[in-house]
Amino acid sequence: GKVCIVDADNLVIDFPENGILVCKVTTPNYVPLMQKASAIVTDQGGVLSHAAIVALELKKPWIVGTGNATKTLKDRDKVTVDA
């Protein structure tokens with residue numbers, strides 16, 4: 001899918017269907033975006049983080065705790081999340 005980097009201060013209302021949600025960390029405010037996303041990637045977090053738990057519940061692939069995904073990836077990059 002295509003990367004969509006989301007900042008907590010500017011949650012994307014028109015998040016693309018099946019986009020890859022890339023952010024620093026998720027909170028409950030991100031759930032509508034997480035539902036639309038085909039995968040979730042965060043800079044922070046671990047297996048018990050909000051992003052991991054919600055992604056598991058939604059049956060979406062996820063990678064958390066990357067440290068730098070929001071800086072390494074760019075909006076609209078095409079990536080595969082195999083997790």
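Which residue in S4 does valine 41 stand opposite? I looked this up first, and found that valine 41 stands opposite isoleucine 63.

I note that the model is predicted, that local features need pLDDT of at least 70 and side-chain atom pairs pLDDT 80 or more, while totals for chains, interfaces and linings use all residues. Residues are numbered from 1 along each chain as its sequence is written, and side-chain values use heavy atoms, with hydrogens and water left out.

I then turned to the sheet, which is open and built of four strands in the order S1-S2-S3-S4 with parallel pairing (strands are DSSP runs of E, at least two residues, and helices runs of H or I, at least four, numbered from the N terminus; two strands pair if DSSP finds at least two bridges between them). Strand S1 (3–5) and S4 stand at the edges with a single partner strand each, so one side of each has no neighbour in the sheet. Strand S3 (residues 39–42) is joined to S4 by two bridges, and the two run parallel.

Next I followed valine 64, which I found in the loop between strand S4 (62–63) and helix H3 (69–72). Valine 64 counts as buried because its relative accessibility is 15% (buried is under 20% relative accessible area, exposed over 50%, partly exposed in between, with a 1.4 Å probe and protein chains only). Valine 64 lies 5.6 Å from valine 41, C-alpha to C-alpha, although 23 residues separate them in sequence.

Last I checked threonine 42, which is found in strand S3 and is buried at a relative accessible area of 0%. Beyond its neighbours within four places in sequence, threonine 42 has contacts (heavy atoms within 4.5 Å) that include Cys23, Ala51, Ile63 and Val64.
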